[in-house]
Amino acid sequence: MPRLIGAAQTVSTGTQSAVITTFNSSGTLTTGTHTVELEYLVVAGGGGGGSRFGGGGGAGGFKSNLGGTKTPVSGGTDYAVTVGAGGAGGVASGGASTGGAGNGTNGSNSILAVGAITSTGGGGGGAGDSVDGVDGGSGGGGAGRFATTGGAVSPSGQGNAGGDGSGTSIGGADSYRGGGGGGAGAAGSNSTATDNTANGAGGAGLASAITGTPVFYAGGGGGAGGAAGQSTDSTGGTGGGGAGMCTGPSAGANGTANLGGGGGGGGYFAPANQVGKSGGSGVVITKEPAVDFTTGTSSCWDLRQVYRQVKAGEWV
């Protein structure tokens, strides 16, 4: 098509800087004017540990597309972000009996409205004496006094299963331990008859460098023990998993906030069951890449447009 250089039109170029946005609580993501795609990390809340030889809580589900195919978005648009809370530890009402023990509560989902990306809350740890771990983003560990099964990952692809409770005594009356909660990077450890920190340990989480520095997220909580004869606490998984309560009522730890770690299990120390530890809240992080942009049009005009403007007396 014939073209003619005519009156200059304004053209500007620039670069929209890369933007990393971290949500430690629910809010709204407003994308940059020129953003067309982004990367994300979405971690759900970790599950709470069960009480009375309780299993560790499962880590919150872990989803990320960092380094892979970016998710399409519209520029200058608001997207809702939900950050899941950690689940409460299992109750320990009613004294020392199994009737006074409760499973840990599952963590809450984290959601990024862009593409409806949902990570599922971690499963709660099973309660003594014989309750299985609960399914979740990563499964909760099974209780430890009798043989139990760790919770599964549901839906799949977000984490790993919880460890099984063996029902095997470490030595001494009522000296048992629950299974560890699953983590994003590894399953929770099964409980054994060995008194060490790996017995019933929470599964390891996964590292993400979406903020520029690698950080581990979504570790499982450690299983809990009880009575006498245990000199070690089961470790929580790397990435915010809480340690299990094995050496006394003051032991054990909650999952770390904004890492999605599972809570440690609550033990049994006569004459009472102990409350499980809470899971840690999740996090949502987005990364918008830098974008080069051009606004306006060139100074090259279509001849037919020139003709129309000359005829109308508008060509200068």
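The model is a predicted one. Of its 316 residues, 48% are buried, and the protein exposes about 12,200 Å², of which 53% is supplied by carbon and sulfur atoms. Among contacts with a separation of 6 or more, 61% are accounted for by residues 24 or more positions apart.

The largest nonpolar core comprises 13 residues, and those with the most contacts inside this core are Phe 23, Leu 29, Tyr 40, Val 42, Val 81, Leu 112 and Val 284. Two or more residues are given to this core by β5 (37–43) and by β8 (78–82), with β5 providing the largest share, three residues. A second, separate core consists of eleven residues, including Ala 184, Ile 210, Tyr 217 and Ala 218.

Phe 23 lies in strand β3, which spans residues 19–23. Because its relative accessible area is 10%, Phe 23 falls under the 20% limit and is classed as buried. Beyond residues up to four places away in sequence, Phe 23 touches Thr 28, Leu 29, Val 81, Val 83, Val 283 and Val 284. Phe 23 and Val 81 are 58 residues apart along the chain, while their C-alpha atoms are separated by 7.7 Å.

For Tyr 40, again leaving aside residues up to four places away in sequence, the residues touched are Lys 63, Ser 64, Asn 65, Leu 66, Thr 71, Leu 112, Ile 117, Ile 210, Ile 285 and Thr 286.

Key
Residues are numbered from 1 along each chain as its sequence is written. This is a predicted model: local features need pLDDT of at least 70, side-chain atom pairs count only at pLDDT 80 or more; totals for chains, interfaces and linings use all residues. Side-chain values use heavy atoms; hydrogens and water are left out. Buried means under 20% relative accessible area, exposed over 50%, partly exposed in between (1.4 Å probe, protein chains only). Contact means heavy atoms within 4.5 Å. Accessible areas come from the Shrake-Rupley method with a 1.4 Å probe; for residues, only the protein chains shown count as cover. Helices (H or I, at least four residues) and strands (E, at least two) are DSSP runs, numbered from the N terminus. A nonpolar core is a set of buried Ala, Val, Leu, Ile, Met, Phe, Trp, Tyr and Cys residues joined through side-chain atoms within 4.5 Å.
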